[in-house]
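Student: Could you take me through a close look at one part of this model, the place where the two chains meet? I would be glad of a salt bridge to start from, and then the helices.

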Amino acid sequence: MDAHVAQLQMQYRNYILSLYQQGFLDDQFTELKSLQDDGSPDFVAEVLSLFFDDCVKLVGNMARALDQTGTVDFCQVGANVHQLKGSSSSVGAKRVKGLCINFKELCEAKNYEGCVRCLQQVDIEYKTLKAKLQDMFNLEKQIVQAGGIVPQVDIN
Amino acid sequence: METDQIEEMDVEVLSSMWPDDVGTQADNQFNVEKPAGDSDTLKEVDIAEKRTMADLKRLPELLNTTDQGSSQLTNLVRQWEYMQDHAVRLLREELKILTRQREEAEAKELKIIEEHNFETEEPENVPVLDETSHLFRRFRQKKRDELVDSKRVVIDEEFDTVAYWKQKALSLEKMLEASTERERRLIEKLNESLKTMESHSAPVEELTQNLKRAEGFLHFILQNAPIVMGHQDKDLRYLFIYNKFPSLREQDILGKTDVEIFHGGGVKESEDFKREVLEKGKASKREITFETELFGSKTFLIYVEPVYNKAREKIGINYMGMEVTDQVRKREKMAKLREDNAVRKAMESELTKTIHITEETMRAKQMLATMSHEIRSPLSGVVGMAEILSTTKLDKEQRQLLNVMISSGDLVLQLINDILDLSKVESGVMKLEATKFRPREVVKHVLQTAAASLKKDLTLEGNIADEVPILVVGDVLRIRQILTNLISNAIKFTHRGKVGIKLKVISEPSFASDKEQNETSVWICCDVYDTGIGIPENALPCLFKKYMQASADHARKYGGTGLGLAICKQLVELMGGQLTVTSQVNLGSTFTFILPYKVATSDDHSDDQDEFSDMVDHHQPEPDDTTEGYFQFKALLGSIYSTAMLTSPIKLINGSVADPSNSSGQSQTVQVENGGYMDESESAHQYGNGNGHRCSSKESESCSSSQASSEMESELTVSSPREEEKTETEVKETSQQPKILLVEDNKINIMVAKSMMKQLGYTMDIANNGVEAINAVKDTSYDLVLMDVCMPVMDGLKATRLIRSYEESGNWDAAIEAGVDIKTSESEQGCERSTDRLPIVAMTANTLAESSEECYANGMDSFISKPVTLQKLKECLQQYLQ
């Protein structure tokens, strides 16, 4: 039993590390994790689900704005990107954040092609992240179910 | 009469022709307008010396064989032929005239005869020449008619008598005879003339005359010209020379080469030049300066052309030289002047540039110093806060991060202090202090300090010669600074062996200035030596330069600012000493500085006893401490703070926690002893227990405080742990729920920030945009507002501006004007109004659009860069909620 937990814990640790190494997450995610305590045991999950809801909404908004025939309201797209950038930055979704920074520049430059491409990338990226984090939560759940404690992962 | 005319014409033709014959071309520069007059002057010209020397045997030969020569002859021949043609033509004309005269005479005669026949019919009077013509007869008759009157005078007999006719016939006969005779004589003369003309075929005389004229002309032109002309054969032996300055005789020159004739500078060159021309076969000019005994220093412009014979073979050269010494001299003078001028101008511009650069440098330095100073104060705050933070409850990771922060901050502080020191020394602002101190003590303490932070297996030793006075006067702070710098430098670059300080008294060095002569002063030489990596010789010159290390490689490997040695040097020189270095790669380096000190009498107990003697009094465990001449320290293992290692802070932290390689029992004890607070005051310089048995941890504490008061090291003073605890609790106690407003539109950000606040023990209100924020501020008296910059409806900058406007004016007019819907009644506002400035902290994403300057400009007090971290938030709250 302990061996199983240890294995899971190892797996979890490696998985988290890989997420950092591959640039999905940054320190802000660590920060987020550190905010989760007994008072709010599902804090991370709550924030993240909010974040992904936000993603769906914002990406939808932007897709609609960019789908307009005729003049595209880049200001509106820009506002949405800004929102997304702030959110991703706060949760430590590094890749999404990086994309948003580019996206914003393209938006300011009114580069339609670039915006569409970026939007597609953002869409892919946040969905990938969502899947990855889902896996992470699943692992956490498994560890807890196996009677273990979710380990603190030192990314340094 | 006629012959005279011929001669006259002859002369004219010659005169106008001869200058054409001087050169090979018909229209050369030797044109003379009035040759007749000139030939007279030529006779008067005194041609005193015979300047031309010619090999007369060879010259004709030369003239015959060369093109130039033959063309000359051809011209002469052509001229002669022309002259002859002319003469023939003249003679023909003469002949024509004579014939005509004869015809006239005959016609006359005929007339006379006719007349005669008409009157007398004398048969003997039949004309000889034209008997056949009847016409003639008529003519004669006419002629006679005309002539009758003229002849009539001669007859004195009675008209129409026999005597008369006889007499007339006789006189006519006589006239005819005379006419015939004249005709005969003329024919004779003509024949004679023709004969002489034919016999006069040889032109030699005229040619000779021509040549003489040519020579005369040349002499006339050239007599004062500074010209040398000559012809040399293909062995460059002179065959002909014309020289304005004849000082050599014919036999000295002809048949000889330049080199054989002259000696000195330029001769060889001219000979080579001539040879070159001869070889290339192309005429050219060159300026050659001769430096010969014969005519001193003279510059000639030499023109040399090759001479060919008719078979187009080179047979020699013609050369012509003109003396241009004065011109060359003038030209050179001009060039020199021009050059001087250019140099002066360049210097001027260089000077201007230098002045400009100097001014720039001064300004830059001033700015650097100002900036450094400006940076130091807030940085001290940052490091100080970090120190305080390190006293709070932190997990392992946080503590590590904090340690990195503190050590990095310390490094920056050190760097800034260095820069300030340096600019102080350079601008002459730094004042030296004269305090009494004990050199032995200073050395010992410097070594102790170094040992305390030593992380290598090194031996530190101090060696002070007996003659070094116990008490001297000098600027002990600066001397300590120099020693510390040199020692830490030595340790940095030494991996095994030892590092040490050696003090000895030396005689006055040569560089000492006389005015500071003082009988009580003593020169002490201080060596700081090590057995480290050494310095390559080529790196020595730039060693004391600012920001320079021996190599970029070292800089990377060992870190450091590169200012230490520059400061040392400046300080030593400021105190009137000298800093030098000797080094051998891989064997070690020795930095030596020599300084003058005043010797203080040890019984001179004035009231301003210096801190070091104080310190000595403070802990005087052994009576021989003041006079002891030798110290040795080993590394104090497990020490935490090391300047040398600051560049790799993570490693430092790992090393400080446990250094397994150096775990001797004693060091472990020390670590445990200090463990209680060591972590919390890492930046304080730990005064090590030198040999372990000498200093207890209590002592080290006192060392530490005295050290801090001396301001020798970092100017950062660290409050004691107890004080920090107190401030911490104060924060906790005073925080009877301060009112905080978060203005933020992003839900996730709000959630995260809220969670952080909760963890820090605070709650806060939320406003989603600027308008909401203004309404919230109006209704509630907040202690702190955290304001997002970029928000919909109204951004943070504008909201802040409106809040500030309210604080100043006491009303929300500006906000209402800006379209904010103020909801609550006016009466409430008056009583709730606070005179205090509401702290507003911006939260920026650190983009260009949200620059910190803009935040300050819009009335914000500070800013936190996003994403917000617990750490940032905590600092911010600490700053504003006290």
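Tutor: Happy to. In this predicted model, B:Asp258 and B:Lys274 join their side chains in a salt bridge, with 2.4 Å from N to O. B:Asp258 belongs to helix H9 (residues 258–261) of chain B and B:Lys274 to helix H10 (residues 267–280) of chain B, so this pair ties together parts that are 16 residues apart in sequence. Over all chains, a search of the whole structure finds 24 salt bridges. Between chain B and chain A, however, the count is 0 salt bridges.

Now to the place where the chains meet. There, 22 residues of chain B are in contact with 26 residues of chain A. The area buried between chain B and chain A comes to about 1900 Å², and carbon and sulfur atoms give 53% of that area. On the chain B side, three residues stand out: B:Ile748, B:Met751 and B:Pro867 supply 30% of the area that chain B buries against chain A, more than any other three residues.

The axes of helix H3 (residues 43–67) of chain A and helix H22 (residues 747–760) of chain B come within 9 Å and cross at roughly 165°. Angles over 145 degrees count as roughly antiparallel, and that makes H3(A) roughly antiparallel to H22(B). The crossing of these two helices is left-handed.

Which residues do the meeting?

The axes of helix H2 (residues 27–35) of chain A and H3(A) come within 8 Å and cross at roughly 130°, an angle that makes H2(A) oblique to H3(A). Here A:Phe29, A:Leu32, A:Lys33 and A:Leu35 in H2(A) meet A:Phe43, A:Val44, A:Val47 and A:Leu48 in H3(A). The residues of this contact divide into 7 nonpolar, no polar and 1 charged.

Notes: Residues numbered from 1 in each chain as written. Chains lettered and ligands numbered in written order. Predicted model: local features only at pLDDT ≥ 70, side-chain atom pairs only at ≥ 80, totals over all residues. Heavy atoms only, no water. Axes fitted to C-alpha atoms, helices over the stretch in contact; angles between N-to-C directions. Helix = DSSP H or I, 4+ residues; strand = E, 2+ residues; numbered from the N terminus. Parallel < 35°, antiparallel > 145°, perpendicular 65-115°, else oblique. Left-handed = near helix turned anticlockwise from the far one by under 90°. Contact = heavy atoms within 4.5 Å. Buried area = accessible area lost by both parts, 1.4 Å probe. Salt bridge = Lys/Arg side-chain N within 4 Å of Asp/Glu carboxyl O. Nonpolar A, V, L, I, M, F, W, Y, C, P; charged D, E, K, R; others polar.
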